[in-house]
Amino acid sequence: MQPHIYSQSQHNIPQERIDSDALFVIDRLQKAGHTAYLVGGGVRDLLMGLYPKDFDISTSAKPEEIRRLFSNCLLIGRRFRLAHIRFGKKTFEVSTFRAGDTAEESLILRDNIWGVPEEDVLRRDFTINGLFYDPQSAEVIDYVGGMHDLQNHFLRTIGDANVRFKQDPVRMIRLLKFRARFGFAIDESAWQALLDNHLEITKSSPARVIEELLRMLESGHALSFFTLLEQTKMLTILMRTLDEECKNMGKKELLAYLHIVDHFHKQHADEKLDRTVLLAALIFPIIEKKLGKVSFEDVSFTTILKTTESILDPLFHQSFVQFTKRQRFLVEFILVMQQRFDLTLKTSKILPRLLSHPEKNIAIQMLFLRSHSHELLRPLYRQWKEASRQEAPSS
Ligand code: ATP
Ligand code: MG
């Protein structure tokens, strides 16, 4: 198949937004006689006028050939062999063009089958993620109609959505991620395929799903993403307790803290709330509802502990999404600490013991979120924040 080629005058990729080390890698591969392009999310983001967070490279060079060209290169993965090329803190992922068996209805088993550029894009998930960019000729190379879909704000799978979601169910989560992040319309057949196949998600690796969920909590689009999870019945599979509470107390109330979390991440592009705080923020409205209060100075420690455990136990044990023991411990710590903070409302005292706790900052982050939800907690947050600042060892 002939690709559609878009020359520089037909696209708006500003070359200066491309990382100079990524350009160096592509240039060296091309000078050694290989084909090499930018691919995937990086190209998509450049075309959308965004700053890509990573620049992935696809090439005809085999992993061993890549390694010979770069001293700062490490080959990783057995099933899916990739080259990582490091420049200081940055790492570029360089993968060899692969052929996938797109007609196969089972989970992908064969990964290291080298292919040509066209085959490489046919195994990718959505048309907007299937574009190549050749910095040398400044051309976008499009085998899948991704440019048209990007211009029309449209999410479409590459190939039959039913087959593609069965092959790798994480693609369904990714579809919702791009919908939440970009607000693009979803192709009717992809939407239907997602509704039909949502149970398939349990066949995928929980670790991959958790990573996508946590990344979305950090993305600035957590509210719309979790709303989509609920709407598509994914939430009931992934985190059943949360779904039940959505039904009990209403979606808007349950997800209220995500609005604040999103606002924070949109305002602070380079700063993320701790992942345990994000999990705590998902649960906090349930605690408020169960206790019938927004501040807990009159609630006993035993009550807050029991309430917290009654929510965390099913959430951490019955969900497809499994969190670590340490995550569970920290979420519980963050939640019960709120009662300790609130005692200050009654006593006007700051307990110095709490300030020396090594994990106090994550608990204070939760108090920060609460203070944005309830005006009356603002002075309390400021008090604790200031006290913790004074406590911090001077550097
Ligand atoms: P983000 O901006 O969140 O990183 P991304 O599209 O770049 O989004 P990555 O996980 O970095 O996502 O993946 C890079 C590229 O690899 C994608 O753009 C897509 O082409 C391909 N890809 C990722 N996950 C899948 C998948 N599950 N199935 C097929 N192709 C995938
Ligand atoms: Mg990416």
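Student: Which residue stands opposite Val-140 in S8?
Tutor: Tyr-133 stands opposite Val-140. Keep in mind that this is a predicted model.

Student: Which strands are pairing there, and in what sense?
Tutor: Strand S7 covers residues 131-134 and strand S8 covers residues 139-142. They pair in the antiparallel sense, over four bridges.

Student: What holds paired strands together in general?
Tutor: Strands of a sheet pair through backbone hydrogen bonds, and the pairing is either parallel or antiparallel.

Student: OK, zoom out. How many strands form the sheet, and in what order?
Tutor: Eight strands form an open sheet. The order is S1-S8-S7-S2-S3-S6-S5-S4, with mixed pairing.

Student: Which strands are at the edges?
Tutor: Strand S1 (4-6) and strand S4 (73-76). Each pairs on one side only.

Student: And what does the twist average?
Tutor: It averages 30 degrees from one strand to the next.

Student: Stay with S4. How does S4 pair with S5?
Tutor: S4 pairs with strand S5 (residues 82-87) in the antiparallel sense, over four bridges. Ile-76 stands opposite Leu-82 in S5.

Student: What about the hairpin of S4 and S5? How many residues are between the strands?
Tutor: Five. Gly-77 in that hairpin takes a positive phi near 75 degrees.

Student: Next pair along: how many bridges join S5 and S6?
Tutor: Five bridges, again in the antiparallel sense. Strand S6 spans residues 90-96. Ala-83 stands opposite Val-94 in S6.

Student: Which residue has a positive phi in the turn of that hairpin?
Tutor: Gly-88, with a phi of about 60 degrees. Two residues lie between S5 and S6.

Student: Switching to helices. Which residues of H20 are buried?
Tutor: Leu-380, Tyr-381, Trp-384, Ala-387 and Ser-388. They cover an arc of only 135 degrees around the axis, so they sit on the same side of H20.

Student: Why do residues three or four places apart point the same way?
Tutor: Because an α-helix has 3.6 residues a turn.

Student: What do the buried residues of H20 pack against?
Tutor: Three helices: H17 (325-347), H18 (352-355) and H19 (360-373).

Student: And which exposed residues are on the face turned away?
Tutor: Arg-382, Arg-389 and Gln-390.

Student: Last one. How far apart are the end C-alpha atoms of H20, and what should the helix span?
Tutor: The end C-alpha atoms are 20 Å apart. Helix H20 has 14 residues, 378-391. At 1.5 Å a residue it should span 20 Å, so the two values agree.

How values were computed: Residues are numbered from 1 along each chain as its sequence is written. Chains are lettered from A and ligands numbered from 1 in the order in which they are written. This is a predicted model: local features need pLDDT of at least 70, side-chain atom pairs count only at pLDDT 80 or more; totals for chains, interfaces and linings use all residues. Side-chain values use heavy atoms; hydrogens and water are left out. The expected span of a helix is 1.5 Å times one less than its number of residues. Buried means under 20% relative accessible area, exposed over 50%, partly exposed in between (1.4 Å probe, protein chains only). The arc is that of the directions from the helix axis to the C-beta atoms. Contact means heavy atoms within 4.5 Å. Two strands pair if DSSP finds at least two bridges between them. Axes are lines fitted to C-alpha atoms, for helices over the stretch in contact, and angles run from 0 to 180 degrees between N-to-C directions.
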